Every structure is written in C-alpha cells, then in structure tokens.
Amino acid sequence: SDKDFAYSAPEKISKIIITNSNFLTTLENVNSEWIINGDHAANADMIDNLQVIIEKIKDEYPMPKMYAATVNNSVIMDEGVHIQLYEGKSLKRDYYIYSSDSLDCIGLINGKQQAYKVYMEGIPVSLCDYLSADPAFW
C-alpha cells in the first residue's frame, strides 16, 4: 500500500537505518540491547519511543496538490529522513519523513508517488521531532 507506514510488530524489528543528507545512523538489536552504528548502546527510552512510533504512525490525508510545487517527492527524499526497518535481513518498511512548515510531517513510502500527512496520536510535539538521523540523538 502507498500509505502503509506503521508496522504492527515493532518488537520483531532487528535493525533500523535512519539517514538524511548529513547523517547515517544504524540502530541494531544485539542481545536485546540497541547499538548505535556498531559502537555503543542507544538510550533505551529513545528506542522505546521509536518502537511506539513504528507501530502507531498514521497517515492523516494525502498531501494537498497546492503544496506539490514546493514539497514534491524529490524534496521529500532529498531533504527528509529516510527510515528503513528490518526484521532479520528482510526489509519490512522503507519510507521518508519530511518536516514541512505548512503541513508538519509528510511521509512517502519509497517507490510510491502519493505523499501523506503523517502523525501519531498522543504526542505533544511534532512526530518529526522524534525521527532524527543524527546518532547523537539516540
């Protein structure tokens, strides 16, 4: 589906790759501990938050055509955060999240044409604030 962002079994995810134009972060579950770029342990609370997002991210509506000139798919892919979720060697989710001043967070499934405004209920700030490719964030 072109709007299938959520993954219902985040506990089965073994590797998460988050990239943008400046950073590449690999989070890997090694013996029940999440390791950042093969180097050191991630903050467990941050990983818990990420797993909730992985399970509960939702599409709200297709991105309105009026924004297409300024926020097109190449902008989303070039300037957004690319998130890849793996269960073992199997890629389960592959999408981009872009922070837009006018629409907050926009999501685009890799290889699809239609972008969506995405959100998660119950968080006090933008969903985009929780999705960083900077290893220091984790």
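**View 1. Contacts of Ile-97 in the predicted model.** Ile-97 is in contact (heavy atoms within 4.5 Å) with Ile-57, Gly-80, Val-81, Ile-83, Cys-105, Ile-106, Gly-107, Val-118, Cys-128 and Leu-131, leaving aside residues up to four places away in sequence. This is a predicted model, in which local features need pLDDT of at least 70 and side-chain atom pairs count only at pLDDT 80 or more, while totals for chains, interfaces and linings use all residues. Residues are numbered from 1 along each chain as its sequence is written, and side-chain values use heavy atoms, with hydrogens and water left out.

**View 2. The largest nonpolar core.** A nonpolar core is a set of buried Ala, Val, Leu, Ile, Met, Phe, Trp, Tyr and Cys residues joined through side-chain atoms within 4.5 Å; buried means under 20% relative accessible area, exposed over 50%, and partly exposed in between (1.4 Å probe, protein chains only). The largest such core has 31 residues, and Ile-16, Ile-18, Leu-27 and Ile-97 have the most contacts inside it. Two or more residues each come from strands E1 (15-19), E3 (33-36), E6 (81-87), E7 (90-100), E8 (104-109) and E9 (116-119) and from helix H1 (44-56). Helices (H or I, at least four residues) and strands (E, at least two) are DSSP runs, numbered from the N terminus. H1 gives the largest share of this core, 5 residues. Another core, of 11 residues, lies apart from it and includes Met-63, Tyr-67, Val-71 and Val-75.

**View 3. The aromatic pair Phe-5 and Tyr-95.** Rings of Phe, Tyr and Trp (its six-membered ring) pair if their centres lie within 6.5 Å; planes under 30 degrees apart count as stacked, over 60 as edge-to-face and the rest as tilted. The count by this rule is 2 aromatic pairs. In one of them, Phe-5 and Tyr-95 are edge-to-face, 5.3 Å centre to centre with 75° between the planes. Phe-5 belongs to the segment before E1 and Tyr-95 to strand E7, so the pair ties together parts 90 residues apart in sequence. Phe-5 is buried at 1% relative accessibility, and Tyr-95 is buried at 2%.

**View 4. The aromatic pair Phe-137 and Trp-138.** These two rings are edge-to-face, with 4.9 Å centre to centre and 85° between the planes. Phe-137 is partly exposed, at 26% relative accessible area, whereas Trp-138 is buried, at 5%.

**View 5. Surroundings of Lys-117.** Lys-117 is placed in strand E9 and counts as buried at 12% relative accessibility. Residues up to four places away in sequence aside, Lys-117 touches Lys-58, Asp-59, Glu-60, Tyr-61, Met-63, Leu-103, Asp-104, Cys-105 and Ile-106.
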